[in-house]
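Biologist: Thanks for sitting down with me over this one. Could you show me the sequence and the structure before we talk?

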Amino acid sequence: MHGSMPQHLEASGDGFTSLEFTPDGTRLVAQFEPDPDLHTGPDHAPTLAVWDLHTGQVLMQLVSNEAFSCTPDGRCLIYSDEDAVLRRVALPASSQAGPAP
């Protein structure tokens with residue numbers, strides 16, 4: 001990865017529970033506990049975020065139940081949603097992503 005990783009990444013939650021780098025090292029997927037003071041309504045709070053490690057920007061937020069994993073090629077994220085159903089979504093490209101293999 002070119003450049004340096006941001007020193008501070010913040011989520012709108014109450015503590016991280018799991019972290020995983022994408023295989024190319026350009027993004028970080030983190031699962032966190034929702035902050036009960038911020039999300040008290042019927043809508044589920046995002047509990048999974050994907051950061052661009054070059055810019056520090058959040059690329060995607062999802063509601064996840066307990067499990068997630070990046071596919072070996074780094075193109076997709078598999079996660080368990082709020083209904084405990086496994087879902088697959090395309091991961092947004094990092095600002096430092098190279099050409100697709």
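Modeller: Let's start with a definition: rings of Phe, Tyr and Trp (its six-membered ring) pair if their centres lie within 6.5 Å, with planes under 30 degrees apart counted as stacked, over 60 as edge-to-face and the rest as tilted. This is a predicted model, where local features need pLDDT of at least 70, side-chain atom pairs count only at pLDDT 80 or more, and totals for chains, interfaces and linings use all residues. Residues are numbered from 1 along each chain as its sequence is written, and side-chain values use heavy atoms, with hydrogens and water left out.

Biologist: Happy with that. Which residues form one aromatic cluster?

Modeller: By the ring rule, there are two aromatic pairs. One of them joins phenylalanine 16 and phenylalanine 32, with 6.2 Å centre to centre and 80° between the planes, hence edge-to-face. The cluster consists of Phe16, Phe32 and Trp51.

Biologist: Is phenylalanine 32 buried or exposed?

Modeller: Buried means under 20% relative accessible area, exposed over 50%, and partly exposed in between (1.4 Å probe, protein chains only). Phenylalanine 32 has a relative accessible area of 3%, so the answer is buried.

Biologist: Which residue in S3 stands opposite leucine 28?

Modeller: Strands pair if DSSP finds at least two bridges between them. S2 and S3 run antiparallel and are joined by five bridges. Opposite leucine 28 stands tryptophan 51.

Biologist: How many residues make up the largest nonpolar core?

Modeller: A nonpolar core is a set of buried Ala, Val, Leu, Ile, Met, Phe, Trp, Tyr and Cys residues joined through side-chain atoms within 4.5 Å. Here the largest core includes Val29, Leu48, Phe68 and Leu91. Strands S3 (48-52), S4 (58-62), S5 (68-70) and S6 (76-80) are the elements giving two or more residues to this core. The total is 10 residues.

Biologist: And why does threonine 22 count as buried?

Modeller: Threonine 22 is found in the loop between S1 (13-21) and S2. Leaving aside neighbours within four places in sequence, threonine 22 is in contact (heavy atoms within 4.5 Å) with Arg27, Cys70 and Leu91. Threonine 22 counts as buried because its relative accessible area is 3%.

Note on methods
Helices (H or I, at least four residues) and strands (E, at least two) are DSSP runs, numbered from the N terminus.
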